[in-house]
Amino acid sequence: MSEASLRGTAAIIGIGQSPVGKVPGRSPLWLAADAARKAIADAGLKKSAIDGVLSSHAFASPFHRFSVAFSEYFGLQPTFSNTLQVSGATAATMFSIGAAAIQAGLAENVLIVAADSLMTGLSPDLALRSLTESRDQQYEMPFGIPVANTFAMTAHRHMKEFGTTAEQLAAVAVIHRRHALRTPGAQQTKPITIEDVITSGMVTTPYHKLDCSLISDGGAAFVLTSAAQAKALGIAKPIYILGAGECYTHEHIFLMPSLTTTGAVGSSRKAYAMAGYGPRDLHTAGVYDCFTGTVIMMLEDLGFCRKGEGGAFAASGEVTHGGRIPINTHGGLLSFAHPGIPGSLFHFHEVIAQLRGECGERQVPGAELGLVHSLGAGFATNATTILGTENTL
């Protein structure tokens, strides 16, 4: 096994977000460029310093080479570029690949950027079509199986095996909404109760409307450079990639090895080993929250509580301020915004801002170690990143 490691070799020195929610008249390219300008300015660099670009697919602007189209639009000619696609896990993979590219000398300053306009850029019919067309061409697409149904199957099994309740699922949504109330620019900030969630109308059992993530426009961007370059630039609060891991367990939901234990176990194990820290060491986390039940399963598989205890762990307040591990303090995909594949980049933005101490009234005191877990395609793809301040190296 290779002893090579990304630990501490790359630093995130700039972050930026576009407006989120309903942003009419703005394409994914515009949203990405807006976030990129902010991230580059935050890093204190000129645009010409960027020589690497990593991005993801955008449903509303389906360029096969989105990173190349973005570079043209933004006025860059990078010498390292790629458009990645492992569904919702893409966000975390961009950070590990960007760090690896810097370590290998393929680029000095990598711009990680992605955006989509799912709310205003796609009609409901086109949105459903884009989701179903990503499924198996022979066995799934003709029957129109939506992504929500695959995640619902896992929630059903978790409820049957461990007694997880609809009220515990609803508590996850309520906590995320409370977090969004403290986050400027969040898409949804109206307070909700457990009863509101349970009476919000069924989408696909056991998920009600408020158990499901938002549909949004928006984008985020980050500037990644070497640790040595961050020091040379005199960056005040660089955030380091300490650990990274990925795990791909299946493509088709009926071949998922277990409906209640996911590839997050494997991806986080690798990330923890590389970082030299475990779940009990972390101060905050960004946990992919496309559905409320997804959060409960991830809390278990990432090691924050034992298998089967995720529902009670979340509902008891352990995932909010003052609890064991405050997660998604911006409101997550459930309340802040979810523009599809780029959605988990907002988890990165929030965790990095927490580690930089920039979150105002939602700040987690003393936060210096954080985790972001991205996943997608019915738990088929999982990627975990451990982030830390200079004190954690």
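Guide: Before we start, contact means heavy atoms within 4.5 Å. Helices (H or I, at least four residues) and strands (E, at least two) are DSSP runs, numbered from the N terminus. This is a predicted model, where local features need pLDDT of at least 70, side-chain atom pairs count only at pLDDT 80 or more, and totals for chains, interfaces and linings use all residues. Residues are numbered from 1 along each chain as its sequence is written, and side-chain values use heavy atoms, with hydrogens and water left out.

Visitor: Good. Start with α5. Which of its residues are buried?

Guide: Ala148, Thr150, Phe151, Ala152, Thr154, Ala155 and His158 of α5 are buried. Buried means under 20% relative accessible area, exposed over 50%, and partly exposed in between (1.4 Å probe, protein chains only).

Visitor: And what covers them?

Guide: The cover over the buried residues of α5 includes β5, β6, α10 and β10.

Visitor: What span should α5 have?

Guide: At 1.5 Å a residue, its 16 residues should span 22 Å. The end C-alpha atoms of α5 are 23 Å apart, which agrees. The expected span is 1.5 Å times one less than the number of residues.

Visitor: What follows α5?

Guide: Gly163, with a positive phi near 75°.

Visitor: Back to α10. At what angle do α5 and α10 pack?

Guide: α5 (residues 147-162) and α10 (residues 292-301) pack at about 65°, and their axes are 9 Å apart. Axes are lines fitted to C-alpha atoms, for helices over the stretch in contact, and angles run from 0 to 180 degrees between N-to-C directions.

Visitor: Is that crossing left-handed or right-handed?

Guide: The crossing of α5 and α10 is left-handed. Left-handed means that the near helix is turned anticlockwise from the far one by less than a right angle; right-handed means clockwise.

Visitor: Which residues make the contact?

Guide: Phe151, Thr154 and His158 of α5 meet Thr294, Ile296, Met297 and Glu300 of α10. By class, that contact of α5 with α10 has three nonpolar, three polar and one charged residues. Ala, Val, Leu, Ile, Met, Phe, Trp, Tyr, Cys and Pro count as nonpolar, Asp, Glu, Lys and Arg as charged, and the others, Gly among them, as polar.

Visitor: Another pair. How do α1 and α2 cross?

Guide: The axes of α1 (residues 28-43) and α2 (residues 66-74) come within 10 Å and cross at roughly 70°. α1 and α2 are therefore roughly perpendicular to each other. Roughly perpendicular covers 65 to 115 degrees; under 35 is roughly parallel, over 145 roughly antiparallel, and the rest oblique. The crossing of α1 and α2 is right-handed.

Visitor: Which residues touch there?

Guide: On α1, Pro28, Leu29, Trp30, Ala32, Ala33, Ala36, Arg37 and Ile40. On α2, Phe66, Ala69, Phe70, Tyr73 and Phe74. The contact of α1 with α2 has twelve nonpolar, no polar and one charged residues.

Visitor: What about α3: how many of its residues are buried?

Guide: Eleven of the 14, so α3 is mostly covered. Among the buried residues are Thr90, Met94, Phe95, Gly98 and Ile102. α3 (residues 90-103) reaches 20 Å from its first C-alpha to its last, close to the 20 Å expected at 1.5 Å a residue. Just after α3, Gly105 takes a positive phi of about 80°.

Visitor: Now the loops. What is the phi of Ser87, not a glycine?

Guide: Positive, about 60°. Ser87 sits in the loop between β3 (80-84) and α3. Its relative accessibility is 23%, so Ser87 counts as partly exposed.

Visitor: And the phi of Asn328?

Guide: Also not a glycine, Asn328 has a positive phi of about 45°. Asn328 lies in the loop between α11 (310-315) and α12 (332-335). At 1% relative accessibility, Asn328 counts as buried.

Visitor: What kind of peptide bond joins Thr205 and Pro206?

Guide: A cis one, with omega about 5°. Pro206 is in the loop between β5 (202-204) and β6 (207-208).

Visitor: What does Asp211 touch?

Guide: Not counting residues up to four places away in sequence, Asp211 touches Leu169, Ala170, Val197, Pro206, Cys290, Phe291, Thr292 and Leu334. Asp211 is in the loop between β6 and β7 (217-226). Its relative accessible area is 1%, so Asp211 is buried.

Visitor: Last one. Is Arg362 buried or exposed?

Guide: Arg362 counts as buried, at 11% relative accessibility. Arg362 is in the loop between α13 (345-355) and β10 (369-376). Leaving aside neighbours within four places in sequence, Arg362 has contacts including Arg182, His321, His330 and Glu350.
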